[in-house]
Amino acid sequence: MITFYNDRHSLHQGRVEMFRGELVPCFEVAARADRVLDELRRRRLGAIEPAQAFDDAALSRIHASRYVEFLRGAWDEWVSLDPANARRDALPSVWPVRGHRSDVLPENFAARMGLFSFDAGTPLTAGTWQAARSGAWCALSAAGRVLAGERAAFALTRPPGHHAGQDFFGGYCFLNNAALAAQALRDGGAGRVAVLDIDYHHGNGTQCLFYERADVFYLSLHGDPRSEYPFYLGHADETGAGAGLGFNLNLPLPRGTGFAAWFAALAQALRAIADYRADALVVSLGVDTFAGDPISGFRLQSDDYFQVGEALATAGLPSVFVFEGGYAVAAVGINTANVLEGFQR
Ligand code: Q9C
Ligand code: ZN
């Protein structure tokens, strides 16, 4: 399988995230992608290429222009507030809630940062924009290669994407790489695209983006949002709205779920994709379902990921894999490569 590797990912280096009243070291670290790259190379799982460049208009198929503009200039604005900020990550600390206005773009930087985000766990750093943008290019390049006839392609990038919405960042995500890939597949001629999200966390950004659309079916297996991040969204009764009614499937599972129950849910999602008669598949490939993950609650073992890949291959669809979460750094390369190797068996 061809891999588009974001060779600028390490420009995004968060120092700290807010957790339980403390600033703690980031879980979403550069070594995650490095370990996956090492493992793909070690196993010779296919060609590894850098992405092609796209202009920012390509991002506007998914993201609001004022959000893209904010991200593009955010670091310089942050540093211009105080030169000492150059050594500090930017984190939001104030947010609008229901009933507050979003049509007036605040002048104040912190207020704008809050308008465009939903948590204080997602630091914006000096290289965040460049890293996220070239990550989006990896997803777009992978979709392009699949449209050109490749069976499958992998976008190996960080920061991840599935929590990012049309105009918000959060959950370590800034640009929604999977959504960009899905839209690129649509724009390139795929009539129906399924986005299957197997990250531990519900992809609230992706769900929001496609909730009222019938041409992109979002399906997700994740920790039950009653207790698990990102909370608020990802419940089983969210089935889509308007033209999109019936084209959103959430399969929340309790913390502690092991491979057997998780795999049964995966089979259910794959049946729904077959019934939908999708033309192409995007997989939001998070491996934070691993038993050893430091911030998640499922119990998958490294060897289980081969079977995950084999099951995904049974869909028989042109497929774009997009790297999402997975924070057990010592195992993230093995687990991710196991999925891709299983897919190719
Ligand atoms: N201190 C993805 O997997 N914070 N995002 C959890 C841990 C948010 C996960 C608290 C987790 C976001 C792409
Ligand atoms: Zn996750």
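Predicted model: local features only at pLDDT ≥ 70, side-chain atom pairs only at ≥ 80, totals over all residues.
Residues are numbered from 1 along each chain as its sequence is written, chains are lettered from A and ligands numbered from 1 in the order in which they are written, and side-chain values use heavy atoms, with hydrogens and water left out.

Buried means under 20% relative accessible area, exposed over 50%, and partly exposed in between (1.4 Å probe, protein chains only). Asp 199 counts as buried because its relative accessibility is 1%. His 201 is also buried, with a relative accessible area of 6%.

## Ligand 1

Ligand 1 is surrounded by 16 residues, the closest being Phe 19, Gly 171, His 201, Asp 288 and Tyr 327; a residue is near a molecule or strand if one of its heavy atoms lies within 4 Å of it. The shell divides into 8 nonpolar, 5 polar and 3 charged residues. In this division Ala, Val, Leu, Ile, Met, Phe, Trp, Tyr, Cys and Pro count as nonpolar, Asp, Glu, Lys and Arg as charged, and the others, Gly among them, as polar.

A polar contact is a pair of N or O atoms within 3.5 Å; within protein, one must be able to donate a hydrogen and the other to accept it, and residues adjacent in sequence count only if both atoms are side-chain atoms. Polar side-chain atoms of Glu 17 and His 163 each lie by a nitrogen atom of ligand 1, at 3.4 Å for Glu 17 and 3.3 Å for His 163. Taken alone, ligand 1 exposes 410 Å², and the protein buries 91% of that; accessible areas come from the Shrake-Rupley method with a 1.4 Å probe, and for residues only the protein chains shown count as cover.

## The loop between strand 5 and helix 5

Helices (H or I, at least four residues) and strands (E, at least two) are DSSP runs, numbered from the N terminus. Arg 158 lies in the loop between strand 5 and helix 5 and counts as buried, at 0% relative accessibility. The side chain of Arg 158 makes a polar contact of 2.7 Å with the side chain of Glu 28, and one of its polar atoms lies 2.8 Å from the backbone oxygen of His 9. Contact means heavy atoms within 4.5 Å; leaving aside neighbours within four places in sequence, Arg 158 is in contact with residues including Asn 6, Ser 10, Val 29 and Ala 131.

Pro 159 is in this loop as well, and the peptide bond that joins Arg 158 to Pro 159 is cis, with omega near -5 degrees. Pro 160 also belongs to the loop, which runs between strand 5 (152-156) and helix 5 (177-187). With a relative accessible area of 3%, Pro 160 is buried. The C-alpha atoms of Pro 160 and Phe 323 are 6.7 Å apart, although 163 residues separate them along the chain. Beyond its neighbours within four places in sequence, Pro 160 is in contact with Glu 28, Phe 323, Glu 324 and Tyr 327, among others.

## Other backbone features

Most residues other than glycine have a negative phi, and most peptide bonds are trans. The peptide bond from Tyr 229 to Pro 230 is cis, with omega near 10 degrees, and Pro 230 is found in the loop between strand 7 (216-223) and strand 8 (248-253). Tyr 232 lies in the loop between strand 7 and strand 8 too; its phi is positive, about 60 degrees, although Tyr 232 is not a glycine. At 75% relative accessibility, Tyr 232 is classed as exposed.

Arg 20 has a positive phi of about 50 degrees and is not a glycine either. Its place is the loop between strand 2 (16-19) and strand 3 (22-25), where Arg 20 is exposed with a relative accessible area of 76%.

## Helix 8 and helix 1

Helix 8 (residues 304-313) is mostly covered, with 8 of its 10 residues buried. Among the buried residues are Tyr 305, Phe 306, Val 308 and Leu 312. The buried residues of helix 8 pack against helix 1 (30-43), helix 7 (259-276) and helix 9 (329-344), and against strand 6 (193-197), strand 9 (280-285) and strand 10 (319-323).

Glu 39 is in helix 1 and counts as buried, at 10% relative accessibility. Not counting residues up to four places away in sequence, Glu 39 touches Gly 333, Ile 334 and Ala 337.
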